[in-house]
Amino acid sequence: MTKTLRVELGADSYPIAVGTGLLNRVGELLTPHIKSNKVLIVSDAFVKARYMPIVHQSLTDAGFNVNTIEIRAGEESKSLAQFSRIQDSLVAHQLDRGSVLIALGGGVIGDLGGFAAAVYMRGISYVQIPTTLQAQVDASVGGKTAINHPKGKNLIGAFHQPKLVLIDVDTLKTLPQRDIRSGLIEVIKMGVIRDEPLFEMVEENLDAILNLEDAMLIEMISSACVNKAEIVAKDEKESGLRMVLNYGHTFGHALEALTHYNRYRHGEAVSIGMNCAAQLAVNLGMFSETDFQRQRSLLNRAKLPLTFPDDLTPEAICDAMYLDKKTLAGKLRLILPTRIGEVIIRNDVDDQHVLEAISQCF
């Protein structure tokens with residue numbers, strides 16, 4: 001079973017395929033989308049061991065000249081050093097403007113590989129083959145590519161749309177449960193910001209989702225991708241509507257930076273951030289206690305964290321939020337919920353209210 005969606009961006013439009021057994025068909029599915037037969041696959045050790053042979057064979061059978069590079073797993077690899085390694089590999093293997101870079105892995109590989117493709121020869125084609133739930137429902141769709149700076153997450157990057165996104169839900173079967181739960185936050189987030197039926201789908205089918213039932217995964221991931229595609233089609237460069245996708249992320253990115261990107265999964269930090277943003281919205285009289293508890297209950301059932309660690313302070317978290325790229329003219333731009341299925345963008349919340357909400361989330 002495969003569902004095919006489309007991100008409508010004029011000349012930069014591209015398909016998203018969601019299903020099972022897609023890794024065996026990469027060569028066949030890629031052939032219509034690129035002009036050269038040269039390919040560089042960027043992956044990490046975990047993914048390389050499990051899926052590189054399948055993808056490599058499929059591409060070779062389809063007549064591609066395949067080269068590979070392995071990047072160390074983890075958020076720390078979204079760095080200038082690893083970016084330079086990929087550039088060196090692209091040059092060494094003489095990829096040209098018609099060649100394609102394939103990002104085979106989770107969000108880190110997708111962001112890093114996408115950014116490398118965005119700037120090599122002023123931009124070559126790339127394909128996203130996300131192997132984690134977080135990447136499948138969020139990071140692989142929309143063309144946001146980036147690496148981190150020691151002072152902040154994703155501060156160095158570019159918008160560069162992929163030619164194709166292939167989502168094979170079979171890859172989720174080898175992930176630790178922690179990574180499944182972490183990735184689920186992006187689906188829950190999408191439900192809160194614009195799609196209450198999607199939120200209800202997760203509420204009602206959480207066990208089936210966590211048990212990785214194929215039909216449920218394909219339906220949920222497709223729904224999340226449809227939402228993301230609609231937002232990207234309306235606001236590709238994040239000038240307005242697309243900012244709502246940052247719900248929970250301003251708090252979460254601050255937490256990740258303060259803990260050096262090695263204590264929390266991205267989705268875990270966003271979960272804490274969503275809980276804090278919702279608490280702030282309740283304090284401001286924007287969000288009902290009932291909806292706040294509904295969100296909190298689902299996050300809790302999914303065994304996602306809700307509170308900041310004791311070794312940080314509200315002041316440190318608030319200060320780190322100002323280093324996030326989502327500030328505007330020295331003001332925090334916060335995505336705050338008004339109900340399940342709707343959020344608004346606020347840049348007029350004073351620091352005292354922010355500090356109070358953070359303090360309530362320890």
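Which residues line the largest cavity? They are Lys 151, Gly 152, Lys 153, His 253, Ala 254, Ala 257, Ala 320, Leu 323 and Asp 324. This is a predicted model, in which local features need pLDDT of at least 70 and side-chain atom pairs count only at pLDDT 80 or more, while totals for chains, interfaces and linings use all residues. Residues are numbered from 1 along each chain as its sequence is written, and side-chain values use heavy atoms, with hydrogens and water left out.

**Overall build**

- The protein chain has 13 helices and 13 strands; both are DSSP runs numbered from the N terminus, helices being H or I with at least four residues and strands E with at least two.
- A compact globule of 362 residues would have a radius of gyration near 21 Å, and the protein chain agrees with its 20 Å. That radius is taken over C-alpha atoms, and the globule rule is 2.2 Å times the number of residues to the power 0.38.
- Taken along the principal axes, the C-alpha atoms fill a box of roughly 60 × 40 × 35 Å.
- Of the 362 residues, 60% count as buried (buried is under 20% relative accessible area, exposed over 50%, partly exposed in between, with a 1.4 Å probe and protein chains only).
- Among contacts with a separation of 6 or more, 75% come from residues 24 or more positions apart; a contact means heavy atoms within 4.5 Å.

**The largest cavity**

- Rolling a probe the size of a water molecule over the atoms shows where empty space is left.
- The structure holds three cavities of 30 Å³ or more, and the largest has a volume of about 50 Å³.
- On a 1 Å grid over the protein atoms alone, a cavity is a set of points where a 1.4 Å probe fits but cannot get out, whereas a pocket is an open set with protein on both sides within 12 Å along at least five of seven lines; lining residues have an atom within 4 Å of a point.
- Grid points are joined across faces, edges and corners, and a volume is the space filled by probe spheres set on the points.
- H9 gives the most to the lining of the largest cavity, with three residues.
- By class, this lining has four nonpolar, two polar and three charged residues (Ala, Val, Leu, Ile, Met, Phe, Trp, Tyr, Cys and Pro count as nonpolar, Asp, Glu, Lys and Arg as charged, and the others, Gly among them, as polar).

**Helix H9**

- H9 is mostly covered, with nine of its 10 residues buried; His 253, Ala 254 and Ala 257 are among them.
- The cover over its buried residues includes S8, helix H6 (177–194) and helix H10 (266–283).
- His 260, which follows H9, has a positive phi near 60°.

**The second largest pocket**

- This pocket has a volume of about 210 Å³.
- It is lined by 13 residues, and the closest to its centre are Asp 12, His 160, Gln 161, Pro 162 and Lys 163.
- Its lining divides into four nonpolar, five polar and four charged residues.

**Two residues to look at**

- Ser 79 lies in the loop between strand S4 (65–71) and helix H3 (80–92).
- Ser 79 is buried, with a relative accessible area of 18%, and touches Leu 112 and Ile 147, not counting residues up to four places away in sequence.
- Glu 230, in helix H8 (residues 214–234), counts as partly exposed at 38% relative accessibility.
- Glu 230 and Arg 242 are 12 residues apart in sequence and 9.6 Å apart in space, C-alpha to C-alpha.
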